Every structure is written in C-alpha cells, then in structure tokens.
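Colleague: Please take one part of this model and go through it closely, strand by strand, then follow the contacts wherever they lead. Give me the cut-offs as you go.

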Amino acid sequence: MKTSAVVGIVVAVLCSFASVATAAGYLWTRADVEQPLPARALPAQWPGKDGQALRTVPLPTGELVTALPAQTGGQVLCQTLDQERWEALLGGKALREVRDGACHVLTTTSEVLLALDEQGAVLRDPASVDVAGHPGELEYLPPKVNARLDVRLVDAPASAQVHPFLRVEVSGTGAVDTLTESIAREVVSAAMTPGPALPARAADGSIPLQRPAPVAIVDAPWPVISWQLCAELSRALGGTGRPRFDGRCTVRGVEAVYTDKVTPRVFPEQIAGRPAVVTGNTVAIKLTDDSAQELTITGARDPRGLAEAVLPRLLGR
C-alpha cells in the first residue's frame with residue numbers, strides 16, 4: 001500500500017475519533033448542565049464587593065412600595081420578610097444584601113434576586129400565574145435550575161419614580177418554579193398590605209396636597225417625601241405648598257428637593273447635626289451616613305436658618 005494511502009486512512013480514523021470525542025464531550029456537558037446545582041459554601045465576606053449591608057428602613061403600605069427611591073427599594077424588598085422567614089423558605093442559612101438596587105439573597109443551594117422595575121423582563125414561553133391577587137408571568141425552561149417571574153403590582157404607568165413591576169429571579173435545586181412563586185407571593189403580600197394608592201399626577205408632575213402625620217423622609221416613598229417637605233416648609237414660611245411626585249415641594253418661592261443620587265459635593269459644615277454645605281441662597285444636607293440621600297433647599301433668604309428649623313422633623317426627631 002502506498003504511503004499516501006496509509007496516511008489518509010490514519011487521518012480518517014483520527015478524525016472519526018475526534019468527532020466521537022467531541023460529541024461525547026457535548027453530551028457530557030449537557031448532562032452536567034441538567035444536573036441540580038451543587039451546594040456551595042457561603043462567602044466569608046458579606047456583603048459582597050458590590051453589595052450594601054441592610055439598614056433599618058420603614059416598610060410602606062398599599063401601592064407606595066412601587067414609588068420608592070432606587071436604593072430604598074432593594075432594602076425594602078429584602079426586609080419585607082425577616083431573617084427567620086427567608087431561611088424557612090430557602091431551607092437554610094440565608095445572606096441578604098442590596099446590589100445595584102435589587103435585593104440579593106444567597107444560601108448554599110439557591111440564589112434570589114428581587115427588583116422593582118419600570119417594565120417586566122422579556123420572558124420565553126411564560127405561564128400566567130396569580131401572585132397574591134396580582135397578575136404574573138413565570139418562565140421555567142430546561143434545564144430547570146432557574147426561574148424568572150414578573151408581577152404587575154399597579155396599573156399606574158411607569159416613570160423614573162414609579163416601578164409597577166416586581167421581578168424575581170431564582171436559581172437553585174429542586175422545584176425552582178414553585179419556590180419562585182412562593183417567594184413572590186410572600187414578598188408581595190408583605191409589601192402591599194392595605195394602604196394608600198399612588199396619588200394622581202398632573203402633566204407637570206404635581207400631585208394633590210396632603211397633610212399626613214409627620215414621618216422621616218429618609219427611605220420614604222417619593223410622594224410621602226414631597227408631602228413632608230411641604231408640611232415643614234409651610235410651617236416655617238407660611239403659605240401653601242405645591243408638591244411634585246418626585247420628592248419636591250415649593251412654598252413661597254423656596255424649593256426643597258430630595259435626591260438619592262450620588263453627588264460630588266463636599267459637606268464641610270454641620271446643620272442640625274448633619275453634614276451640610278451652604279452656597280449663596282442654597283443649602284445641601286447629607287441625610288444619612290450610609291446612603292446617598294440628600295436634601296437641597298434653594299431660594300431662602302436665610303438657608304441655614306430654614307434648614308435648622310425644618311430638618312429635625314424631616315429626620316423624625
């Protein structure tokens with residue numbers, strides 16, 4: 001037999017083995033993927049690198065849970081259920097943190113993400129489910145080690161301040177679809193206890209004035225913040241406040257604005273025991289040590305004096 005023919009046969013045989021090996025590798029990979037996720041050790045450092053520790057936050061009622069500042073929303077979702085209930089649902093020790101505005105829960109066998117959002121996720125072949133009286137859609141596809149669930153909490157249109165959807169993502173072992181529904185049902189039931197509806201919002205963002213009982217504006221829903229700002233500015237300045245949905249109120253040309261966005265400000269002074277900075281007729285106050293929440297008041301003749309008058313009650317003192 002010619003050398004070239006022998007080489008050709010050898011190459012063919014090797015290619016055949018390579019093809020079989022490749023196919024076997026693919027099948028083994030698929031088989032591995034479809035196995036339940038193995039248990040893992042909990043991380044020694046928690047919160048994780050990009051996570052935030054839980055802080056005590058007030059829990060809203062009614063539809064107001066859909067109108068929370070971004071970082072507050074994750075805190076509330078993590079704390080609608082206490083530690084004991086989370087561990088009972090997930091079957092073991094659970095770690096909680098807020099990551100990118102979402103509640104992140106981790107055990108040795110499961111991982112949960114919950115977030116309030118302006119829209120639901122794009123799901124493949126979802127099944128319609130009822131979640132504590134709210135319409136939901138559940139995605140649970142092979143290899144069936146994770147599930148995603150969207151729940152429509154309110155009919156109000158989405159905006160920068162209103163997040164009508166609760167998104168739940170769960171990965172783990174066992175009946176992950178059932179676990180996902182159970183988590184969503186308990187969180188929704190706890191977060192939407194009987195309470196106020198979202199206020200109607202005009203085209204310019206204004207909302208009807210209300211005079212609720214005094215509460216701290218830290219980690220409060222957007223409309224509640226606006227109403228509290230109006231109450232305190234009116235008490236200090238007289239006149240009637242004009243609240244807006246996005247944490248603003250104007251009284252007699254003086255505007256108070258709440259924000260939870262990180263700013264480059266430096267706060268070299270102290271007002272009512274909080275870091276502050278006064279520039280002209282504007283004062284900015286850092287409301288907490290462990291979040292980006294700030295209050296800015298502009299247009300006042302004596303911004304420092306006004307801030308000293310309204311801040312204690314706005315902080316719930």
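Modeller: Start with Gln270, which stands opposite Pro275 in S13. That pair belongs to the antiparallel link between S12 and strand S13 (residues 274-279), held by three bridges. Strands here are DSSP E runs of at least two residues, helices are H or I runs of at least four, and both are numbered from the N terminus; two strands pair if DSSP finds at least two bridges between them.

Before going on, the model is predicted: local features need pLDDT of at least 70, side-chain atom pairs count only at pLDDT 80 or more, and totals for chains, interfaces and linings use all residues. Residues are numbered from 1 along each chain as its sequence is written, and side-chain values use heavy atoms, with hydrogens and water left out.

Back to the sheet. Seven strands make it up, in the order S9-S10-S11-S15-S14-S13-S12, open and with antiparallel pairing. Strand S9 (242-244) and strand S12 (269-271) are the edges; each has a single partner strand, so one side of each lacks a neighbour in the sheet. From one strand to the next, the twist averages 25°. Axes are lines fitted to C-alpha atoms, for helices over the stretch in contact, and angles between N-to-C directions run from 0 to 180 degrees.

Two helices pack on this sheet. H5 touches S9, strand S10 (248-251), strand S11 (254-259) and strand S15 (294-298), and its direction makes about 20° with that of S10. Helix H6 (residues 303-314) touches S11, S12, S13, strand S14 (282-286) and S15, at about 55° to the direction of S12. Contact means heavy atoms within 4.5 Å.

Now Ile297. Leaving aside neighbours within four places in sequence, Ile297 is in contact with Val254, Glu255, Ala256, Asn281, Thr282, Val283, Leu306, Ala307 and Val310. Ile297 is also among the residues that touch the most other members of the largest nonpolar core, which has 70 residues; Leu287 and Ile183 are on that list too. A core is a set of buried Ala, Val, Leu, Ile, Met, Phe, Trp, Tyr and Cys residues joined through side-chain atoms within 4.5 Å. Buried means under 20% relative accessible area, exposed over 50%, and partly exposed in between (1.4 Å probe, protein chains only).

What does Ser206 touch, leaving aside neighbours within four places in sequence? Ala200, Arg201, Arg242, Pro243 and Arg244. Ser206 sits in the loop between H4 and helix H5 (222-237), and at 13% relative accessibility it counts as buried. Its side chain also makes a polar contact with the side chain of Asp204, at 2.7 Å. For that, a pair of N or O atoms must lie within 3.5 Å; within protein one must be able to donate a hydrogen and the other to accept it, and residues adjacent in sequence count only if both atoms are side-chain atoms.

Leu179 has a relative accessible area of 18%. Beyond its neighbours within four places in sequence, Leu179 is in contact with Leu89, Leu90 and Val170, and Val170 in S8 is the bridge partner of Val112.
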